[in-house]
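Please keep the sequence and the model in view while reading.

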Amino acid sequence: MSPDILFWVFAGLATFVVGASKGGVPGVGILAVPILSQVISPGSAAGLLLPLYVVSDIYGLWLYRKSYDLWNIQIVVAASLIGIGTGWATAQFNNDNVVKLIVGVIGIWYSIDIFVRSRRNVEIPAKQADMPRGIVWGSIVGFTSFVAHAGGIPFQMYVLPQKLDKMTYAGTATIAFTIINVLKLPPYWMIGQINVDSLEKCIYLVPVALFGAWAGYRLTKILSQDVFFKAVEIALFLVSLKLIHDALI
């Protein structure tokens, strides 16, 4: 298979994954950069995919226009500005592998805690959205999202304990990351991760992103609430393992 064809195969798959994540399928979005990194550099992959995240986000805004938690969105987005600013200011020093390792370890720790509590039949009381936790986790969301599009895990760490219903959870995530991804566009352009060439490629991938978002939304609606959040927890564990694996090899 020629390099050009190989690129478009991996780009199409990564783009579909991006769209599906914005449609509400839990955990899959973080796989997009690793998939595309099989044929281009991780930095170029992140830059190419960001506009496609934004396109999928816009469709997701319409899909989840009635299902979201505004207070969570306000807290996470405001705090993410700290992380995005830090990521931008330290872009030349950032080490993707260190970020992936830290995020992966946090995700594994949280997954193990959930598993142990469930085995002991310990009922975990729902937590409320609050500013102190939100600022900490929202800042991490912004930084890890800027560096490696890996903001999903810290977002889950903050929001999952609140035990929102599945559509509110999916809508809150979609809308929050819509705003965060738009905020990332100017610094990505300024450091050269988005350029004219990458935008030209994005034009051909937009239909794939939109189809992925539609397919992801349909799947989210079909899944029962218990199955949905079990899928979120499993995805959190598997993606965390993937991040640790990528960081160490």
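## Overall fold

The model described here is predicted. Its secondary structure amounts to 10 helices and 0 strands, so that the order along the sequence reads α-α-α-α-α-α-α-α-α-α. With a radius of gyration of 17 Å, close to the 18 Å that the globule rule gives for 249 residues, the protein is as compact as a globular protein of that length. Along the principal axes, its C-alpha atoms fill a box of roughly 55 × 40 × 35 Å.

Of the 249 residues, 49% are buried, and the accessible surface comes to about 11,900 Å², with 69% of that area belonging to carbon and sulfur atoms. When contacts between residues at least 6 apart in sequence are considered, 85% of them join residues at least 24 apart.

## Helix H4

Helix H4 covers residues 70–89, and its 20 residues should span 28 Å at 1.5 Å a residue, which agrees with the 29 Å that separates its end C-alpha atoms.

Which residues of H4 are buried? They are Asn72, Ile73, Ile75, Val76, Val77, Ala79, Ser80, Gly83, Ile84 and Gly87. In an α-helix there are 3.6 residues a turn, so residues three or four places apart point the same way. The packing partners of the buried residues of H4 are helix H6 (131–148), helix H7 (152–159) and helix H8 (166–190).

## Helix H8

Helix H8, one of the helices against which the buried residues of H4 pack, has 25 residues and reaches 37 Å from its first C-alpha to its last, close to the 36 Å expected at 1.5 Å a residue. H8 is mostly covered, with 18 of its 25 residues buried.

At the start of H8, aspartate 165 brings a side-chain oxygen to within 3.2 Å of the backbone nitrogen of methionine 167. Further along, H8 bends by about 30° at lysine 184, and proline 186 follows within four residues of that position. After the helix comes glycine 192, which has a positive phi near 85°.

Note on methods. Residues numbered from 1 in each chain as written. Predicted model: local features only at pLDDT ≥ 70, side-chain atom pairs only at ≥ 80, totals over all residues. Heavy atoms only, no water. Helix = DSSP H or I, 4+ residues; strand = E, 2+ residues; numbered from the N terminus. Expected span 1.5 Å × (residues − 1). Buried < 20%, exposed > 50% of the residue type's maximum accessible area, 1.4 Å probe, protein only. Contact = heavy atoms within 4.5 Å. Rg over C-alpha atoms; globule rule 2.2 N^0.38 Å. Areas by Shrake-Rupley, 256 points an atom, 1.4 Å probe, with all protein chains shown as cover. Bend = angle between axes of the 7 residues up to and from the residue. Polar contact = N/O pair within 3.5 Å; in protein donor to acceptor, adjacent residues only side chain to side chain.
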